[in-house]
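Reader: I have not worked with this structure before. Could you take me through it?

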Amino acid sequence: MRHATRWFVLALSLSFAAAAPGHAQGGVLVSPGPVVGDPPAGGAPGGAQPAPYASVAPTAADSAASRRTREAAALDEGLRVVVSIDERRMWTLLGADTLLSASAAVGMDARLDYAGRSWIFRTPRGMRRVLRKYASAVWVPPDWHYAEVAAQHGFRLARLAADTPVTLADGRRLEVRNGEVGVEEAIGGFAPLPSDEEIVFDSTLFIPPYGTKNRRVTGELGAYQLDLGDGYLLHGTPHTSTIGTAVTHGCVRLPDDAIEWLYRHVPVGTPVYVY
């Protein structure tokens, strides 16, 4: 028997840490929103469980990189941004003068293993430069975001291809049309799914294709972002209680007033020392 569409909404409570558009590693962990779709057999799962992280301890190479970077930052007399992972703090310096000081959230130093894949979430030590600056960038969640949500709720993980519909257990089809993920109903035709909600059917969380509205998240990177390359950012966050903690997936998260100051006063090309 065909079932009418059943909507399942499950609020998520996640720690946050992020990447910029198209970035695959660093960034604010963000849930695009609640989980929607059909509940797993037996009803909705219980409360979300922490994702199965494994701690990743700093290595001797990390310590050496931190020492070299700290020494280089001290010798630099120009405008520079300095981030201490251990102190969870950011300074903007010009010569010996401190122009700005702010608490920061840094990488969690952890590994996630799920669905046959592994991701390591760390803030890398070393010197980088501000490559680009953004205002209100849209975050495109990397695959690790969906793995985390699936791990927390005990869902299987599957990738939805833009050109290959998936037949669900009740006979409906999950597919992509005109850049939106939706369900083809027996009566009523194609019904787009909310773009700010996770896609879960048949106890499986589906990863939406890149380029779809369902893989674009606004607001989670704060109002301003400074791109350091390789998916790592200095950025703001709406989750201010996480500032000063080690919870991110590699990016450095800053208070709104601090990241706005950096956006307005730190030019592209400025060195950023992270140790």
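Author: The conversation below turns to a pocket, a sheet and a cavity in this predicted model.

Reader: How much space lies in the largest pocket?

Author: The largest pocket holds about 160 Å³ of space.

Reader: And which helix gives the largest share of its lining?

Author: Helix H1, residues 60-75, does, with five residues. The residues that line this pocket include Asp-62, Ser-63, Ser-66, Arg-67 and Arg-70. Among the others are Ser-84, Ile-85, Asp-86 and Glu-87, as well as Arg-125 and Tyr-275.

Reader: What classes of residue are in that lining?

Author: Six residues are charged, three are polar and three are nonpolar.

Reader: Now to the sheet. What is the order of its strands?

Author: The order is E2-E7-E8, in an open sheet of three strands with antiparallel pairing.

Reader: Why is one side of E2 and of E8 left without a neighbour?

Author: Strand E2 (53-55) and strand E8 (117-121) are at the edges of the sheet and have a single partner strand each, so one side of each has no neighbour there. On average, neighbouring strands of this sheet are turned by 25° against each other, direction ignored.

Reader: How many bridges join E7 and E8?

Author: Five bridges join E8 to strand E7, residues 110-114, in the antiparallel sense. Leu-112 has Trp-119 of E8 opposite.

Reader: What about cavities of 30 Å³ or more; how many are there?

Author: A search of the whole structure finds two. The largest cavity has a volume of about 60 Å³, and its lining includes Leu-228, Tyr-232, Leu-233 and Arg-128. By class, that lining has six nonpolar, two polar and one charged residues.

Definitions and conventions. Residues numbered from 1 in each chain as written. Predicted model: local features only at pLDDT ≥ 70, side-chain atom pairs only at ≥ 80, totals over all residues. Heavy atoms only, no water. 1 Å grid on protein atoms, 1.4 Å probe; cavity = no way out; pocket = protein on both sides within 12 Å on 5 of 7 lines; lining within 4 Å. Points joined across faces, edges and corners; volume = space filled by probe spheres on them. Helix = DSSP H or I, 4+ residues; strand = E, 2+ residues; numbered from the N terminus. Nonpolar A, V, L, I, M, F, W, Y, C, P; charged D, E, K, R; others polar. Pairing = 2+ DSSP bridges. Axes fitted to C-alpha atoms, helices over the stretch in contact; angles between N-to-C directions.
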